[in-house]
Amino acid sequence: MSKTAKLILGNETYEIPVVTGSENENGLDISKLRSSSKHITIDRGFKNTGACYSAITFLDGENGVLRYRGYPIEQLAEEATFLEVAYLLIYGDLPSSDELAKFENDITQHTLVHEEMKGFLQAYPVNAHPMGVLAAMVCSLSTFYPESQDPNRSQEAFDLTIIRLIAKMPTMAAWAFKHSQRHPLIYPQNKFNYCENFLNMMYSMPTDEYFPDPIVTKALNKLLILHADHEQNCSASTVRIVGSSQANLYASISAGVCALWGPLHGGANQAVIEMLEAIKNDGGDTDKWINKAKDKEDPFRLMGFGHRVYKNFDPRATIIKKSCDEVLEALGVDDPVLDIAKKLEKVALEDPYFVERGLYPNVDFYSGIIYRALGIPPEMFTVMFSLGRLPGWIAQWKEMLDNGDPIGRPRQIYTGAVKRDYVSLSKR
Ligand code: ACO
């Protein structure tokens, strides 16, 4: 028998259906509440609001559980390739070897971007943030593939758009970096796998080819998998909302890149390194900075700490912390900010302020240190995150359409002026 909740408003009682997910999470379906009771629900920042039914990613914030399509993140990060995970997220199941070979081959064949795109790049100032460049380039792809703008496109055309996006994202990301360095652009090469190709385009020069180091490639593969999806976060919700108006996939993903850029979301990885550098340059007194973070008069927050959903630990942070130690050791990198990060983490984890609020290191706390060890500059950290998150955004966008979700359009409680008459300028 289906369960219902009862809402008592004055003398009226309203029945609200209870919905239950496959992992026994419960929700109240209030979609018809306004028509029956004339009340909406209000939940600023959607702290307790489910926006959709989704079968992509399961997250249990209290117990630090994260699974893509049922598979634990720990297993995928250890054993899978990023493209395998991308296929899993987008199409729902792990690919067979034939399916994976075709997927990889299709992606390899579409890594070039139009030569005209280089003209856009040259127009940006040298200090342009690569996230701004990436967002613009992703949206620009829609102009080269006008058929992607047709909401009634065939499945085949849609699959090709997916392939093009995944294939061209590393090229555009590496070119955004090369532009910021005023270095010549390096073209993709079909002999490399996905991660190798990206690293080659980042670090090769026409005079000196870079041969991707397996330690670096493996670390990058793992980081991309860990970032590949995270259910209804700020950028995924943005992608869904933009796509719900039937805007094309390129435009929707570009909006996701923009949402990710903010320091409270994906931009935190850049902010973490800048914070750790600032602490180091200030003499390394972590207590001083912890006190700043606790001081409600001070706007400073401990970047890389806290999460809307994880209130115990972030399983991605656990994997990344281990990986960080391994990568730095394998590459022989001795980074003083790693010591500061570990000290900061230890102090914060013992401090009642952080413990009571369930504030733990999140995925971004250690990822920046690995990126730095791989030779990637801080402005590129969020671009790296975008590269990883792309399949998740595509999967969320596709699911939203497959489920026939309606256009995203929240309501509000109006708090502005009540009706008043216009007064002409001469009488004001
Ligand atoms: N440092 C100090 N205090 C913090 C921090 C922090 N990093 N994060 C939260 N708090 C405090 C808040 O001041 C608040 O305290 P109060 O109850 O005394 O008012 C309490 O903890 C709850 O914080 P909220 O802002 O209400 O939590 P919310 O879920 O809205 O925010 C967020 C989550 C944005 C991640 C927040 O923890 C934060 O700003 N962290 C730093 C930025 C960061 O690392 N972002 C990356 C998140 S992971 C990702 O997006 C990939």
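A residue is counted as near a molecule or strand if one of its heavy atoms lies within 4 Å of it. The legends below describe a predicted model, in which local features need pLDDT of at least 70 and side-chain atom pairs count only at pLDDT 80 or more, while totals for chains, interfaces and linings use all residues. Residues are numbered from 1 along each chain as its sequence is written, and side-chain values use heavy atoms, with hydrogens and water left out.

**Figure 1. The shell around the ligand comprises 22 residues.** Lys296, Arg301, Leu302, Gly304 and Arg308 come nearest to the ligand. By class, the shell holds 11 nonpolar, five polar and six charged residues; here Ala, Val, Leu, Ile, Met, Phe, Trp, Tyr, Cys and Pro count as nonpolar, Asp, Glu, Lys and Arg as charged, and the others, Gly among them, as polar.

**Figure 2. An N or O atom in the side chain of arginine 301 is 2.8 Å from an oxygen atom of the ligand. For glycine 304, a polar backbone atom is 2.9 Å from a ligand oxygen atom. A nitrogen atom of the ligand is 2.9 Å from an N or O atom in the side chain of tyrosine 353. The largest nonpolar core has 117 residues.** A nonpolar core is a set of buried Ala, Val, Leu, Ile, Met, Phe, Trp, Tyr and Cys residues joined through side-chain atoms within 4.5 Å; buried means under 20% relative accessible area, exposed over 50%, and partly exposed in between (1.4 Å probe, protein chains only). Tyr68, Ile166, Leu302 and Ile369 touch the most other members of this core. Helix H7 (residues 155-180) gives the most to this core, with 13 residues; helices (H or I, at least four residues) and strands (E, at least two) are DSSP runs, numbered from the N terminus. A second, separate core has five residues, including Ala5, Tyr14, Ile16 and Val18. In soluble globular proteins, nonpolar side chains tend to be buried together.

**Figure 3. Isoleucine 369 is shown with its contacts from beyond four places in sequence.** Contact means heavy atoms within 4.5 Å. The partners of isoleucine 369 are Ile273, Leu276, Cys324, Leu328, Asp335, Val337, Leu338 and Ala341.

**Figure 4. Glutamate 345 lies in helix H15 (residues 336-350).** The residue is buried, with a relative accessible area of 9%. Its side chain is joined to that of tyrosine 366 by a polar contact of 2.4 Å. A polar contact is a pair of N or O atoms within 3.5 Å; within protein, one must be able to donate a hydrogen and the other to accept it, and residues adjacent in sequence count only if both atoms are side-chain atoms. Apart from neighbours within four places in sequence, glutamate 345 is in contact with Phe305, Lys321, Pro361, Phe365 and Tyr366.

Figure 5. Not counting residues up to four places away in sequence, proline 361 touches Gly304, Phe305, Asp314, Ala317, Glu345 and Leu349.

**Figure 6. Histidine 230 is located in the loop between helix H9 (214-226) and H10.** At 4% relative accessibility, histidine 230 counts as buried. The side chains of histidine 230 and tyrosine 310 are joined by a polar contact of 2.7 Å. Residues up to four places away in sequence aside, histidine 230 touches Thr57, Leu59, Leu66, His307, Tyr310, Arg316 and Arg389.

**Figure 7. Helix H3 (residues 82-91) is mostly covered.** Eight of its 10 residues are buried, namely Phe82, Leu83, Val85, Ala86, Tyr87, Leu88, Leu89 and Ile90. Glycine 92, which follows H3, has a positive phi near 100°.

**Figure 8. Arginine 182 has a positive phi although it is not a glycine, and glutamine 246 also has a positive phi.** The phi of arginine 182 is about 55°, and this residue is in the loop between H7 and helix H8 (194-203). For glutamine 246, phi is near 70°; the residue lies in the loop between helix H10 (234-244) and helix H11 (249-261).
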